[in-house]
Amino acid sequence: MESAILITMKKIIAVGLSALLFSFSVSANHLEKIFYITPDNSAALFSDAQLQKIKINAKSIDIIAPQIFELSENGTISGSVDPKLQALTKAENLKLMPLIVNDNFRKKRFHLLLRDPAEEEKAIAEMLALCQKDHLYGLQFDFEHVESTD
């Protein structure tokens, strides 16, 4: 019998692979260029200078990947898309694929999340809702300091 953790990890991988396969089918012969960006402040807002750099280089960028979401040990996601960044990506026809990190990269807290199938289901549902609400191209997982047994 598969452990709950293994089943949850398979679900997360399935969601990620679905998004990945969709992006490959859309651009089978085109490598997409990703621009990673972190906000200038704790409010997850981007400075005018950062937004201007994106605008100037928009023709060389396909996907904007801001580090703006955080997954807690209870499966909730905090963070939001900066409205100015979202407006810019729409105006420049760029895809928006934010990063989601585990809560301050805390190993023990993330371990607790992976041990609770209900919290994992909650996290997956929140991820899907975020993608739909904010019209995201997808999410990138930046989960660090994960237990090797997880």
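A polar contact is a pair of N or O atoms within 3.5 Å. Keep that cut-off in mind for the start of helix α5. There, a side-chain oxygen of D116 reaches to within 3.1 Å of the backbone nitrogen of A118. The model shown here is predicted.

## The chain as a whole

The protein chain has 150 residues, and 38% of them count as buried. It holds five helices and six strands. Read from the N terminus, their order is α-β-α-β-β-α-β-β-α-α-β.

How much of the contact count comes from residues 24 or more positions apart? Such pairs make up 78% of the contacts in the protein chain with a separation of 6 or more. The accessible surface is about 8900 Å². Carbon and sulfur atoms own 58% of that surface.

## Helix α5

Helix α5 has 17 residues. From first C-alpha to last, α5 reaches 24 Å. That is close to the 24 Å expected at 1.5 Å a residue.

Which residues of α5 are buried? They are E120, A123, I124, M127, L130 and C131. These residues cover an arc of only 125 degrees around the axis, so they sit on the same side of α5. An α-helix has 3.6 residues a turn, so residues three or four places apart point the same way. The other side of α5 has exposed residues: A118, Q132 and K133.

Take E120 from the buried group. E120 belongs to helix α5. Its relative accessible area is 2%, so E120 counts as buried, the cut-off being under 20%. E120 and G75 are 45 residues apart in sequence. In space, their C-alpha atoms are 5.9 Å apart.

## After the helix

Next comes the stretch that follows α5. H135 follows α5 and has a positive phi, near 55 degrees.

D134 lies in the loop between α5 and β6. Is D134 buried or exposed? D134 is buried, at 8% relative accessibility. Leaving aside neighbours within four places in sequence, D134 is in contact with F69, V81 and Q86. The side chains of D134 and K133 are also joined by a polar contact of 3.3 Å.

L136 is found in the loop between α5 (117-133) and β6 (140-142). With a relative accessible area of 10%, L136 is buried. Which residues touch L136, once neighbours within four places in sequence are left aside? The answer is F69, V81, L96, P98, L130 and C131. P98 is 38 residues from L136 in sequence, yet the two C-alpha atoms are 7.8 Å apart in space.

## Salt bridges

Side chains of opposite charge can pair when their charged atoms come close. How many salt bridges does a search of the whole structure find? The search finds four.

| Pair | N to O distance |
|---|---|
| E32 and K95 | 2.2 Å |
| K33 and D62 | 3.3 Å |
| K133 and D134 | 3.3 Å |

Begin with E32 and K95, whose closest N and O atoms are 2.2 Å apart. E32 lies in the loop between α1 (4-26) and β1 (34-37), and K95 lies in strand β4 (residues 95-96), so the pair ties together parts that are 63 residues apart in sequence. K95 is partly exposed, at 25% relative accessibility.

Now take K33 and D62, which form a salt bridge at 3.3 Å. This pair also links distant parts of the chain, 29 residues apart. K33 is in the loop between α1 and β1. D62 is in the loop between α2 (48-56) and β2 (63-71). D62 has 17% and counts as buried.

The last pair in the table, K133 and D134, meets through its side chains. K133 is exposed, with a relative accessible area of 56%. D134 is buried, at 8%. K133 is one of the exposed residues on the other side of α5, whereas D134 lies in the loop between α5 and β6.

Note on methods
Residues are numbered from 1 along each chain as its sequence is written. This is a predicted model: local features need pLDDT of at least 70, side-chain atom pairs count only at pLDDT 80 or more; totals for chains, interfaces and linings use all residues. Side-chain values use heavy atoms; hydrogens and water are left out. Helices (H or I, at least four residues) and strands (E, at least two) are DSSP runs, numbered from the N terminus. Buried means under 20% relative accessible area, exposed over 50%, partly exposed in between (1.4 Å probe, protein chains only). Contact means heavy atoms within 4.5 Å. Accessible areas come from the Shrake-Rupley method with a 1.4 Å probe; for residues, only the protein chains shown count as cover. The expected span of a helix is 1.5 Å times one less than its number of residues. The arc is that of the directions from the helix axis to the C-beta atoms. A polar contact is a pair of N or O atoms within 3.5 Å; within protein, one must be able to donate a hydrogen and the other to accept it, and residues adjacent in sequence count only if both atoms are side-chain atoms.
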